[in-house]
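Subject: Structure for you to look at

Hello,

Here is the structure I said I would pass on. Please open it beside this message and follow along.

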Amino acid sequence: MRPNFVNPTFMGLQTPYNQAKAVLIGCTMDDTSSFRPGSRFAPNNIRCNSIAIESYSPALGSDLEDIPIADLGDIDLPCGKKERSLDKIAQTAGDILADKKFLVAIGGEHLISLPLITEQNKIHHSLNVIHLDAHSDLRDEYQGETLSHATVMKRVMEIIGPKNLYQIGIRSGTKNEFDLMNDMGSLYGYEEQDLARMKYSVGTSPCYISLDLDILDPGIFPATGTPEPGGINFNQLINILYYMKDLNVIGIDVVEYNPLLDLCGQCSIIAAKLIREMILVFYRQADVAYPNQR
Ligand SMILES: [Mn+2]
């Protein structure tokens with residue numbers, strides 16, 4: 001028997017749950033993917049390929065090994081059973097948040113954000129959501145379904161209120177969706193003045209960041225369910241995330257990577273690096289970072 005084992009955790013994270021202040025979970029659901037399903041295979045693919053990058057971030061001068069974070073693996077979700085999967089994600093997130101841990105979720109499709117944000121909203125007063133995506137996801141229903149990757153931010157907006165939703169990168173949607181974004185004032189540009197305005201508006205309120213990887217241009221990130229041309233590049237995205245570093249972020253998710261379409265494997269490395277940097281930038285000890293806790 002080999003004396004040492006390498007567990008397929010994100011970047012080899014080994015902190016036990018009871019010692020961890022942050023927790024990573026995989027939400028392996030893609031039941032409502034309408035174009036190119038496969039994102040339910042993302043978390044383990046990202047874990048396996050994450051060993052190819054360092055745990056140290058030269059840009060931030062910090063190391064993932066210095067953060068007490070546990071990778072719990074994937075929630076065992078019943079494929080094809082959307083409502084039961086959403087319930088299970090909510091239950092798991094609720095348990096982890098009750099233990100005052102900073103929650104990092106990897107999708108899966110974008111609908112996984114709904115139960116995660118719902119549970120965060122039970123804990124945090126005036127929760128803000130920063131939604132980075134190519135698509136507005138503001139349809140009221142899609143293909144006859146009110147719960148869909150295409151409706152997720154409409155459902156989120158109904159929970160947190162239209163003033164608390166901030167959307168960046170959106171370049172696809174119906175006219176109704178763009179009219180709604182205009183009415184709500186939720187759409188922000190990439191320029192520093194736009195991001196500064198957003199930051200000023202969020203202030204010190206708790207905020208949740210939901211990153212749909214299709215915000216990136218399909219030229220560099222083709223492995224996603226619904227690619228949309230005209231996106232930003234990696235450095236632009238990482239700089240937007242760095243710019244938000246002093247916000248009071250209480251949880252994050254990264255969704256919509258589809259490894260079945262990642263022929264060269266570069267998208268899994270892009271996803272892994274983004275997740276590493278987001279944890280390093282946004283991690284706060286949850287038991288001291290909740291000034292607005294209910
Ligand atoms: Mn999207």
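Where is Lys100 found? Lys100 sits in the loop between α2 (82-98) and β5. Two notes on reading the rest. Residues are numbered from 1 along each chain as its sequence is written. This is a predicted model, in which local features need pLDDT of at least 70, side-chain atom pairs count only at pLDDT 80 or more, and totals for chains, interfaces and linings use all residues. Helices (H or I, at least four residues) and strands (E, at least two) are DSSP runs, numbered from the N terminus.

Most residues other than glycine have a negative phi, and most peptide bonds are trans. Lys100 is not a glycine, yet its phi is positive, about 55°. Lys100 is partly exposed, with 15 other C-beta atoms within 10 Å. The cut-offs are these: buried needs 20 or more other C-beta atoms within 10 Å of the residue's own, exposed 12 or fewer, and partly exposed lies in between, with C-beta atoms placed from the backbone. Met11, in the segment before β1, also has a positive phi, near 50°. Met11 is buried, with 22 other C-beta atoms within 10 Å. A cis peptide bond, with omega about 5°, joins Gly107 and Gly108. Gly108 belongs to the loop between β5 and α3.

The sheet

Strands of a sheet pair through backbone hydrogen bonds, either parallel or antiparallel. Here an open sheet of eight strands runs in the order β4-β1-β5-β10-β9-β6-β7-β8, with parallel pairing; two strands pair if DSSP finds at least two bridges between them. β4 and β8 (187-188) are the edge strands, each pairing on one side only. Strand β9 (residues 206-212) and strand β10 (residues 248-255) run parallel and are joined by seven bridges. Leu211 stands opposite Val254 in β10.

Helices on the sheet

Helix α3 (residues 113-123) lies across β5, β6 (128-132), β9 and β10, and runs at about 165° to β10. Axes are lines fitted to C-alpha atoms, for helices over the stretch in contact, and angles run from 0 to 180 degrees between N-to-C directions. In helix α1 (residues 42-50), the buried residues include Ala42, Pro43 and Ile46. The buried residues of α1 pack against β1 (22-27), β4 (69-74), β5 (102-107) and α8; residues are in contact if their C-beta atoms, placed from the backbone, lie within 7 Å.

Helix against helix

α3 and helix α4 (residues 152-160) pack at an angle of about 10°, with axes 10 Å apart. That makes α3 roughly parallel to α4 (under 35 degrees counts as roughly parallel, over 145 as roughly antiparallel, 65 to 115 as roughly perpendicular, the rest as oblique). Among the residues in this contact are Leu114 and Ile117 of α3 and Val156 and Ile159 of α4. The contact of α3 with α4 divides into six nonpolar, three polar and one charged residue. Nonpolar covers Ala, Val, Leu, Ile, Met, Phe, Trp, Tyr, Cys and Pro; charged covers Asp, Glu, Lys and Arg; the others, Gly among them, are polar.

The axes of helix α7 (residues 234-243) and helix α8 (residues 266-282) come within 10 Å and cross at roughly 15°. α7 and α8 are therefore roughly parallel to each other. Phe234, Ile238, Leu241 and Tyr242 in α7 meet Ile270, Glu277, Met278 and Val281 in α8. In this contact, seven residues are nonpolar, none is polar and one is charged.

Regards

Methods: Contact = placed C-beta atoms within 7 Å.
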